[in-house]
Amino acid sequence: MRHLRTINMKSFIKSPCTALDVLTWIKQNIIVLHFGIISAFQFTNFKVVQMNRTIANLTLGCAILCFNSAAYAATEQDAAAAARRGDFAAAAVSYEQLVAMNPTSVALRLELADALAKNRQWNRAVSEYEAILNLQPENTEAVLGIGTLRRWQGNTGKAKRAYEKARALAPQNPDGSLGLAATYVLDHDYVSADELYAQAEQTWPKDSGVQQAVNGFRSLRKPRLYLFWENDLSFETRQVGAITPFDSREEIGAELQEENRFTVGPVNTKIYSRNDKKLFYTHYFGLNHTLDFSARASQYQYNVPNTALDYASIDTYEEYRGRYTIQFKPEHVFAVRYTLRPTKLKLSQSSFTAHKIEGEFNSQWDPRFSTMFGGGWLRDLDGNATSISQLTDRSLIKFGFQWDKTNRLSLGAKYITNPDLDNSLSSTIIGEGSYSLTDTWSALGRYRSDDYKTGSDQTSFYVGARFVPDNHWWSEFGLKHAERGTASGNYGLASIIYRF
């Protein structure tokens, strides 16, 4: 009897063989199959109709096998193509289908977990990595994946344990050490991070990934400068500042700011200039656990006669602010801030002290959606006051959300009452969106509506671009169209941060 051409049925079912492969095999062996089946049925004296039915069933089975293999290959190609173009949601769906067809494939589960992670389905990705560890308890890639996802979620404890396990499983692989060091950086434990990066640099001196991570960490420990400029219908602001880390968990900084205020109308007359000098200090206890202090001295220089000023016009003030932030869970962070502001008035040279208490609760409900809600109390001089005894109490409200609709598109909005220092605004509404064009460039759009306590309200529309080429440089610049009453105009904004 003729013999069938051999084919590895295990790889036939599990590998992405094409429909042409299957059809070619059937064509090569169909005559042998035919005569073999006929001989078998003649030997057992079966009826011809049963023989014909069996041949038909065999043909149907071959066709189904051919279809399933072709579908498997097409699905795997679709998944890979979706991942290459950055459509990780589609890639995850395709890899889920492949895993359902081959649930013991570690390689497919790793691809599925990677797609889920990049699509910000972090809990599902962790579940897939855990399923891999049930199949292969010492799979280092799965352990590293869990560590990275826990770090992204802000769960530094679980991230550290995963990276420590990865280092024990594969001490020759630098990824465990780099992941652990990055977790210490996130937790603002720069001493432990520095030890790990130094050890990694010594162990893998020629590894470009290690050197890149080490350089990125060292840049975090260097001073940074920032510049900001914004122009508008009624004001122009300039800021310059510097921040420098010191010790293991501290930062100190200084800032100079100048703000010019103008009348809104056919001729923009300068009302005053305000010059601020500010010092600030931050101590990091850990991730989302900080204590901040700042002190500011402000002085006003008026360009209009005293007869044009209100009683509440400010001459100088000092501002002392403290803020404490604590993380209840990786998803929920609470902050409380107290501001004390001794103020001297221009006309009477009388003094009073303003107080402001604020609380803010930030929640990350899932990797794509977060909310902010806060409130507070402000005791300040009434805008229409005629004596320093006319202090008023105001309630404060703020709330907003951030929605990362895709890995590129982010949308957000917020509402704030009494947001400014000179007490001229009742509330502000801001809506904004950004779209990542490349790893370096992003497009920005922003809408703002200011409800002024006196005079007309203002609306503005802003379009800009953000340019972040490396760890040292961050910048944003754009144009704004503002309207207030009958006045309108186009104005600029630029912001730069440089880390040495």
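**View 1. Lys 453 lies in the loop between strand E13 (441–452) and strand E14.** The model shown here and in the views that follow is predicted. With a relative accessible area of 32%, Lys 453 is partly exposed. Its C-alpha atom is 8.5 Å from that of Gly 383, although Lys 453 and Gly 383 are 70 residues apart in sequence.

**View 2. Asp 232 sits in the loop between strand E1 (224–231) and E2.** Asp 232 has a relative accessible area of 4% and is therefore buried, as the limit for buried residues is under 20%.

**View 3. Asp 247 has a positive phi without being a glycine.** The phi angle of Asp 247 is near 55°. The residue belongs to the loop between strand E2 (235–246) and strand E3 (250–262). Is Asp 247 buried or exposed? Asp 247 counts as exposed because its relative accessibility is 57%, and the class begins over 50%.

**View 4. Arg 120 is not a glycine, yet its phi is positive.** The value for Arg 120 is about 65°. Arg 120 is placed in the loop between helix H5 (106–118) and H6. Its relative accessibility of 23% makes Arg 120 partly exposed.

**View 5. Helix H6 (residues 122–135) and helix H7 (residues 140–152) cross at roughly 160°.** Two packed helices are described by the angle between their axes and the distance between the axes. Here the axes of H6 and H7 come within 9 Å. Why are H6 and H7 called roughly antiparallel to each other? The crossing angle is roughly 160°, and angles over 145 degrees count as roughly antiparallel, so the pair falls in that class. The crossing in which H6 passes H7 is left-handed.

**View 6. Helix H9 (residues 174–186) and helix H11 (residues 208–220) cross at roughly 10°.** That angle makes H9 roughly parallel to H11, a description used for angles under 35 degrees. The axes of H9 and H11 come within 11 Å. H9 passes H11 in a left-handed crossing.

**View 7. A salt bridge joins Arg 124 and Glu 96.** The closest N and O atoms of the two residues are 2.1 Å apart. Arg 124 lies in helix H6 and Glu 96 in helix H4 (residues 88–101), so the bridge ties together parts that are 28 residues apart in sequence. Arg 124 is partly exposed, at 38% relative accessibility. Glu 96 is also partly exposed, with a relative accessible area of 30%. The structure as a whole holds 29 salt bridges.

**View 8. Lys 398 forms a salt bridge with Glu 358.** In this pair the closest N and O atoms are 3.8 Å apart. Because Lys 398 lies in strand E10 (residues 391–404) and Glu 358 in strand E8 (residues 351–366), the pair ties together parts that are 40 residues apart in sequence. Are Lys 398 and Glu 358 buried or exposed? Both residues are buried.

**View 9. The side chains of Glu 476 and Arg 466 meet in a salt bridge.** The N to O distance is 3.0 Å. Glu 476 belongs to strand E15 (residues 473–484) and Arg 466 to strand E14 (residues 458–467), so the bridge connects parts that are 10 residues apart in sequence. Glu 476 counts as buried, at 7% relative accessibility, whereas Arg 466 is partly exposed, at 24%.

**View 10. Salt bridges link several side chains in a network.**

**View 11. Phe 285 is part of a nonpolar surface patch of about 490 Å².** The patch is made by Phe 285 together with Tyr 324, Val 336, Tyr 338, Ile 357 and Trp 377. Phe 285 is found in strand E4 (residues 270–286). With a relative accessibility of 38%, Phe 285 counts as partly exposed.

Terms used:
Residues are numbered from 1 along each chain as its sequence is written. This is a predicted model: local features need pLDDT of at least 70, side-chain atom pairs count only at pLDDT 80 or more; totals for chains, interfaces and linings use all residues. Side-chain values use heavy atoms; hydrogens and water are left out. Patches are made of residues with over 30% relative accessible area and no salt bridge: like charges are joined within 9 Å, nonpolar side chains (Val, Leu, Ile, Met, Phe, Trp, Tyr) within 5 Å. Accessible areas come from the Shrake-Rupley method with a 1.4 Å probe; for residues, only the protein chains shown count as cover. A salt bridge is a side-chain nitrogen of Lys or Arg within 4 Å of a carboxyl oxygen of Asp or Glu. Helices (H or I, at least four residues) and strands (E, at least two) are DSSP runs, numbered from the N terminus. Buried means under 20% relative accessible area, exposed over 50%, partly exposed in between (1.4 Å probe, protein chains only). Axes are lines fitted to C-alpha atoms, for helices over the stretch in contact, and angles run from 0 to 180 degrees between N-to-C directions. Angles under 35 degrees count as roughly parallel, over 145 as roughly antiparallel, 65 to 115 as roughly perpendicular and the rest as oblique. A crossing is left-handed if the near helix is turned anticlockwise from the far one by less than a right angle, and right-handed if clockwise.
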